[in-house]
Amino acid sequence: MKADTVTSSALTPMPLLFYGTAWKKEQTADLVELAVRTGFRAIDTACQPRHYQEEGVGQALQRLEQQGISRAMLFLQTKFTPLSGQDPDRVPYDPKAPFDLQVAQSFASSQRNLKTSYVDSLVLHSPLADHASLMKVWRAMESLQQAGGVRQLGISNCYDLATLRKLHDESVIKPAVLQNRFYAETGYDRMIRTFCQEKNIVYQSFWTLTANPQILASRTVRETAQELGLSAAQIFFRFLTQLGIVPLTGTKSEQHMREDLNIFSFQLSQDVMQRMQRLLE
């Protein structure tokens, strides 16, 4: 396994840093193209027109193909977003259809948008209101993987350990990814991350920098950044990747993209890692 990848329980290697495409709107295609040309090899999107322009990712993939960067060279992750998370005027599936059809229609829309026959990771954007509904959606997602359209499955915005545990216990194809907001209000998901480590579920973090100004401004991070001649963001991202956490970054700056990718050129010492671990307590 390469130092800048991690392998999930689905035995699917994935890059340790993702480019996130939420809120990019009409800039999506240009920014995804820039991110990949800069060095990113993992893209996160969703079939949710409210927050993502999934077809923009597909446009970027077509451009990149012409530049010699093939679809097979990239790790592509999208999401099925339940009705509660959709814009009522732009639902990418029949909202009155049963869950299995909603998932199938959403995935077909993603395939059209992304111009690909498969995705590397399909994530349930959030748990549903009740466990029975959650499992109906998950079974439909399992069917997509069993048919060869998806390499691994995951769930996002799941902050209740009991919900994740029950899903894991009852699923045929186990969740390989959990993508959550990474912030102090949830105690940085300490118990959930422990469960993920036990089950080899890769934990992905979003809102990583925006939600943690106190960590970026901490003495430990500032002194380490100054000593290594790096930015606070680079130190925090590297700390997380050394823990096995996969951060998403949505920067629009080419310089910041390059800085983010540069985190794999150095290693934080065990002493720094221990001091930074205390910042999450």
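**The largest pocket**

Guide: Helix H10 gives the largest share of the lining of the largest pocket, 3 residues. Helices (H or I, at least four residues) and strands (E, at least two) are DSSP runs, numbered from the N terminus. This is a predicted model: local features need pLDDT of at least 70, side-chain atom pairs count only at pLDDT 80 or more, and totals for chains, interfaces and linings use all residues. Residues are numbered from 1 along each chain as its sequence is written, and side-chain values use heavy atoms, with hydrogens and water left out.

Visitor: What volume does the largest pocket have?

Guide: About 790 Å³.

Visitor: Which residues are the closest to its centre?

Guide: Of the 34 lining residues, they are Ala22, Trp23, Tyr52, Phe206 and Trp207. Strand E8 (177-181), helix H9 (232-242), strand E10 (246-249) and helix H10 (254-261) each give two or more residues to the lining.

Visitor: How do I read a helix pair, and at what angle do H1 and H2 pack?

Guide: Axes are lines fitted to C-alpha atoms, for helices over the stretch in contact, and angles run from 0 to 180 degrees between N-to-C directions. Helix H1 (residues 28-38) packs against helix H2 (residues 54-66) at about 45 degrees, with axes 7 Å apart. Angles under 35 degrees count as roughly parallel, over 145 as roughly antiparallel, 65 to 115 as roughly perpendicular and the rest as oblique. H1 and H2 are therefore oblique to each other.

Visitor: Which residues of H1 and H2 meet?

Guide: Contact means heavy atoms within 4.5 Å. Among them, Val32 and Val36 in H1 meet residues of H2 including Val57 and Leu64.

Conventions: On a 1 Å grid over the protein atoms alone, a cavity is a set of points where a 1.4 Å probe fits but cannot get out, and a pocket is an open set with protein on both sides within 12 Å along at least five of seven lines; lining residues have an atom within 4 Å of a point. Grid points are joined across faces, edges and corners, and a volume is the space filled by probe spheres set on the points.
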